[in-house]
Amino acid sequence: GTNRDDLEGLPSDTVRYQLLEKSQTYVPNGETITGLPVFYWSFPQTATPDSFILRIEQEYLNRLHYIAKFQSNYDSPDQTLNLTLVANPPSFDSGFSYRWRIDSIGPDSSSSGAESAWKIFYIN
């Protein structure tokens, strides 16, 4: 097989990946947004992720629009991410729909995680 650098090697005999319970995404969920969205989700108490990846795609094109990694707020399973507080926030095109999801990353980032369901929002 080949690795991510396209270097070929012998296949390994051990593969291990732990699926975490998925985060539950709440908002935005079908809303029309003016400005930058604020995202709300929660993770199950049984699987506290170490960090999250916010993934936003243009809905109909299925093209990645924005991706960024954020540390978990361990204080509570309820998580909030306000894009106005992010260092390099994305810009959105008026009249377009986007979809977003949260990828949870476990303590061992290379071998544990989960992807939430997609939610859609519209830009005013």
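Modeller: The account below begins with the model as a whole and then turns to the paired side chains.

The model is a predicted one, in which local features require a pLDDT of at least 70 and side-chain atom pairs count only at pLDDT 80 or more, while totals for chains, interfaces and linings use all residues. Residues are numbered from 1 along each chain as its sequence is written, and side-chain values use heavy atoms, with hydrogens and water left out.

The pLDDT is the predictor's confidence in each residue, on a scale from 0 to 100. Its average over the protein is 86, and 88% of the residues score at least 70. Confidence is lowest in strand β1 (residues 18–19), with a mean of 76, and highest in β10, with 97. Where pLDDT is low, the predicted coordinates should not be read in detail.

The protein has ten strands and zero helices. Here strands (E, at least two residues) and helices (H or I, at least four) are DSSP runs, numbered from the N terminus. Of its 124 residues, 41% count as buried. Buried means under 20% relative accessible area, exposed means over 50%, and partly exposed lies in between (1.4 Å probe, protein chains only).

The charged side chains come next. Side chains of opposite charge can pair when their charged atoms come close. The structure holds four salt bridges, a salt bridge being a side-chain nitrogen of Lys or Arg within 4 Å of a carboxyl oxygen of Asp or Glu. One of them joins Arg 55 to Asp 103, with the closest N and O atoms 3.1 Å apart. This pair links distant parts of the chain, for Arg 55 belongs to strand β5 (residues 51–58) and Asp 103 to strand β8, 48 residues apart. Both of these residues, Arg 55 and Asp 103, are buried.

Asp 103 also has a salt bridge with Arg 101, where the closest N and O atoms are 2.6 Å apart. Arg 101 in turn meets Glu 115 in a salt bridge of 3.2 Å, N to O. Arg 101 counts as buried because its relative accessibility is 10%, whereas Glu 115 counts as partly exposed because its value is 44%. Through shared partners, these salt bridges join Arg 55, Arg 101, Asp 103 and Glu 115 into one network.

A charge may also be placed over a ring, which here requires NZ of Lys or CZ of Arg within 6 Å of the ring centre and within 35 degrees of the ring normal. The charged end of Arg 99 sits in this way over the ring of Trp 118, 3.9 Å from its centre.

Rings of Phe, Tyr and Trp (its six-membered ring) pair if their centres lie within 6.5 Å; planes under 30 degrees apart are called stacked, over 60 edge-to-face, and the rest tilted. By this rule there are seven aromatic pairs. Among them is the edge-to-face pair of Phe 39 and Phe 121, at 5.9 Å centre to centre and 75° between the planes. Phe 39 lies in strand β4 and Phe 121 in strand β10 (residues 119–123), 82 residues apart, so that the pair links distant parts of the chain. Phe 39 and Phe 121 are buried.

Phe 121 has a further partner in Phe 92: the ring centres are 5.6 Å apart and the planes stand at 80°, so this pair is edge-to-face. Phe 92 lies in the loop between β7 (78–82) and β8 (97–105), and Phe 121 in strand β10, so the pair ties together parts that are 29 residues apart in sequence. Phe 92 is buried because its relative accessible area is 15%, and Phe 121 is buried because its own is 0%. Ring pairs link Phe 39, Phe 92, Tyr 98, Trp 100 and Phe 121 into a cluster.
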